[in-house]
Amino acid sequence: MRLRIFRTAGIVLAFCAVIMFSAVDEAVAVSKDAKPKVTKEKQTVLDWLAQPQLVEKFGKISDAIWSYAELGMQEFNSSKLLADTLEQAGFTVERGAAGMPTCFVATYGSGKPVIGILGEFDALPMLSQKGRVPRQDPIVAGAPGHGCGHNTMCTAAAAAAIAVKEAIDKFKLPGTVKVFGSPAEETVVSRPYMVRAGLFKDVDAVIDNHSSHGFGTGYGKNGNAIFSVIFRFKGKTAHSAGAPWTGRSALDAVEIMNVATNFLREHLFYTYRLHYIVIEGGEAPNVVPDKAGVWYYIRNTDEEVEDMYQRVLNCAKAGALASGTELSEVKFVSAVHQGNSNKGMAELINKNIELVGMPPWNDEEQAFAKALQKELGSKETGGLPSAVEKLREPSAVFVGGGSSDVGEVTRVAPTASVQFPGQVPGSIDHHWSSVASNYGTTAWKGLNAGAKAMAASVIDLFQKPEELKKIREEFDKYEKEHPYKSFLPEDAKPPLDLNKELMDKYRGLLQKIDIIH
Ligand SMILES: [Zn+2]
């Protein structure tokens, strides 16, 4: 899920800045106000990614993942395509990492530093939509769709890492690059389990990425911590009319719990978010339900979330007590810290975003963007952006909001995120308009620009030990003040069956459709 949208800001850069650095054999010396120095190693990754056939190759991988539209933990085809691509490029790939079949770690190079790139690939339910059609028009009504651009994201990570491999090979560069294929971001599942499994133990810094309306990065606290928890109740079945006094309704427990948590809201610290869905509540009104369950997202700051969870748990106990049922299960699906992006990393990434610049968009891409903006009645009417963003600083007051499991990674390694373009400004996240805009050449160019910024940043981290040292010092200082401890209970396990029924229902239907429009 995307936490922030970057708005167009005022740094004007020429299109295709890369073309201006075509000399590959030696560093380009520049004056103070001009473009930063580009080493031959960095130029190699930029030139490699600029090849039109590679823009298309990774674009088609992104479109394929878009068409699979696989929900979290069920991304078997998407994960395989990406892992195979990296393996064919010479990476060593560990599949099924951290006990999750669709999680992988792809590694290339040797020695220090070790730089990680995160990549997501899960879709969202109910958002099926034809690509680059500027009106709501599902491919398969009710099926999932890529309404957050995750089809482009691990693809960009793979492209960046393979570009870095080219530079490692050509210049015998010391250093290791790793792609962390991360399932189920939309349900904030994988990263806490990946951290717990020690996947980031030897990693010196991490680059995250997300598709966006603009091209930028930022630092500081972002998003809420979240506990994703299922509460189940066990009662006693009975004829609802014949002898209801002999039954004990598990659904009553759920309802009483929900009433209690809704009263609780008034007395929670204002940064909270609290929401739930009933996942089981009986099957017929004339049978007292002996089983019921409710799934809660409990969100607040790192400091507040544990206490808030205890109070929600008390509401569950109250529901059981009042209804004469048993609170039979409290199951943690996931538990994630707030994000805290590293300032040094963001500054390093930002320089590379400025170097890469916004890709040039053609008339057809602009026409689609403007048609979509018109259809949505958006305030944005100017099509796709022409300039990259300014470095985003943290807001002075944190008022709470969404969450990403990238937060967990920011607590174990210095991390910042590249927000790359491709989504039409005014298109809405987790909505058909986003699905429509995450497909085709606009998305290809956007993910390619993101890959360039990431690959260039990995090269900087390889070649500038003094910057990496400064980044690590910033990270270590925060860690000393806020020692990391997983929020996951020891017995928590990744929910491997998450979304299985939905994907079993829609996978075959989606495969039968010709998605090329
Ligand atoms: Zn997202």
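Here is a tour, stop by stop, of what to select and what you will find there.

Before you click, note that this is a predicted model, where local features need pLDDT of at least 70, side-chain atom pairs count only at pLDDT 80 or more, and totals for chains, interfaces and linings use all residues. Residues are numbered from 1 along each chain as its sequence is written, and side-chain values use heavy atoms, with hydrogens and water left out.

**Stop 1: a strand on the inside**

Select residues 415-420, which form strand β12. Helices (H or I, at least four residues) and strands (E, at least two) are DSSP runs, numbered from the N terminus. Is β12 buried or exposed? Buried means under 20% relative accessible area, exposed over 50%, and partly exposed in between (1.4 Å probe, protein chains only). 6 of the 6 residues of β12 are buried, so the rest of the structure largely encloses this strand. Now show the side chains: T415, S417 and Q419 point one way, while A416, V418 and F420 point the other. In a regular strand, side chains alternate between the two faces of the sheet.

For strands to count as paired, DSSP has to find at least two bridges between them. Look for S211, which stands opposite F420.

**Stop 2: helix α7**

Select residues 305-323 next. The 19 residues of α7 should span 27 Å at 1.5 Å a residue, and its end C-alpha atoms are 27 Å apart, which agrees. (The expected span is 1.5 Å times one less than the number of residues.)

Which residues of α7 are buried? They are V305, M308, Y309, V312, L313, C315, A316, G319, A320 and S323. These cover an arc of only 150 degrees around the axis, which puts them on the same side of α7. That arc is taken from the directions from the helix axis to the C-beta atoms. The buried residues pack against β7 (225-234), α6 (250-264), β8 (273-280), β9 (291-300) and β10 (326-336). On the face turned away from the buried side, find the exposed residues L321 and A322. Step just past the helix to G324, which takes a positive phi of about 70 degrees.

**Stop 3: two arginines**

Pick R507 in helix α14 (residues 500-511). R507 is buried, with a relative accessible area of 19%. Its side chain reaches the backbone oxygen of Q74 at 3.1 Å. Leaving aside neighbours within four places in sequence, R507 is in contact (heavy atoms within 4.5 Å) with E70, Q74, F76 and N77.

Then jump to R135, in the loop between β3 (114-120) and α4. R135 is partly exposed, with a relative accessible area of 46%. Try the distance tool here: the C-alpha atoms of R135 and L372 are 7.0 Å apart, although 237 residues separate them along the chain.

**Stop 4**

Most residues other than glycine have a negative phi, and most peptide bonds are trans. Where does V188 sit? V188 is in the loop between β4 (175-182) and α5 (190-196), and its phi is near 40 degrees, a positive value in a residue other than glycine. V188 is buried, with a relative accessible area of 0%. A98 also has a positive phi, near 55 degrees. Finish at the peptide bond from K112 to P113, which is cis, with omega near -5 degrees.

Note on methods. Polar contact = N/O pair within 3.5 Å; in protein donor to acceptor, adjacent residues only side chain to side chain.
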